[in-house]
Amino acid sequence: MCLMTSRLKIVPHDDSFLDREPWDFKNTPSDHYPLLLFYHPLNILSKQVIKQADVMLAMFRLGDAFSPDART
């Protein structure tokens, strides 16, 4: 079973991820990255932001749940 959404080609963090308001990347200053250094984690988690380190850890720990295409 692949956890990646086929249409968007992303790995959502949970079932409600796509229902959240997207992060306002357009108005986020370029010097405010990584986001965790400038914004409270609960603010980030409440928005539609893919936290790549979480996805990579999930792929490592649950490798059989991801298709080879999702892992590339």
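Colleague: Is Arg20 buried or exposed?

Modeller: Arg20 is buried, with a relative accessible area of 19%. Buried means under 20% relative accessible area, exposed over 50%, and partly exposed in between, with a 1.4 Å probe and protein chains only. This is a predicted model, in which local features need pLDDT of at least 70, side-chain atom pairs count only at pLDDT 80 or more, and totals for chains, interfaces and linings use all residues. Residues are numbered from 1 along each chain as its sequence is written, and side-chain values use heavy atoms, with hydrogens and water left out.

Colleague: Which residues does Arg20 touch, not counting residues up to four places away in sequence?

Modeller: A contact is heavy atoms within 4.5 Å. With residues up to four places away in sequence left out, Arg20 touches Asp14, Leu45, Ser46, Lys47 and Gln48. Arg20 itself is placed in the segment before α1, while Leu45 belongs to helix α1. Leu45 is partly exposed, at a relative accessible area of 45%. The C-alpha atoms of Leu45 and His13 are 9.5 Å apart in space, and the two residues are 32 apart in sequence.

Colleague: With which side chain does the side chain of Arg20 make a polar contact?

Modeller: A polar contact is a pair of N or O atoms within 3.5 Å; within protein, one must be able to donate a hydrogen and the other to accept it, and residues adjacent in sequence count only if both atoms are side-chain atoms. For Arg20, the partner is the side chain of Ser16, at 3.5 Å.

Colleague: How many helices and strands does the protein chain have?

Modeller: Helices (H or I, at least four residues) and strands (E, at least two) are DSSP runs, numbered from the N terminus. This chain comes to two helices and zero strands.

Colleague: Which side chains meet in a salt bridge?

Modeller: A salt bridge is a side-chain nitrogen of Lys or Arg within 4 Å of a carboxyl oxygen of Asp or Glu. The structure holds one, in which the side chains of Lys47 and Glu21 meet at 3.4 Å, N to O. Lys47 lies in the loop between α1 (41-45) and α2 (52-61) and Glu21 in the segment before α1, so the pair ties together parts that are 26 residues apart in sequence. Glu21 is exposed, at 52% relative accessible area. Phe17, also found in the segment before α1, is buried, with a value of 1%. Between the C-alpha atoms of Phe17 and Lys47 there are 8.0 Å, for 30 residues along the chain.

Colleague: Which residues form an aromatic pair?

Modeller: A pair of aromatic rings is described by the distance of the centres and the angle of the planes. Rings of Phe, Tyr and Trp (its six-membered ring) pair if their centres lie within 6.5 Å; planes under 30 degrees apart count as stacked, over 60 as edge-to-face and the rest as tilted. The structure holds one such pair. Trp23 and Tyr39 form it, edge-to-face, at 5.0 Å centre to centre with 75° between the planes. Both residues lie in the segment before α1, so the pair ties together parts that are 16 residues apart in sequence. Trp23 counts as buried at 9% relative accessibility.

Colleague: What is Thr28 in contact with, leaving aside its neighbours within four places in sequence?

Modeller: The residues are Trp23, Tyr33, Leu35 and Tyr39. The side chains of Thr28 and Trp23 are also joined by a polar contact of 2.8 Å. Thr28 sits in the segment before α1 and is buried, at 10% relative accessibility.

Colleague: Which residues does a cis peptide bond join?

Modeller: That bond joins Tyr33 and Pro34, with omega about -5°. Pro34 is placed in the segment before α1.

Colleague: Of the residues of the protein chain, how many count as buried?

Modeller: Of its 72 residues, 22% do. Among contacts between residues at least 6 apart in sequence, 54% join residues at least 24 apart.
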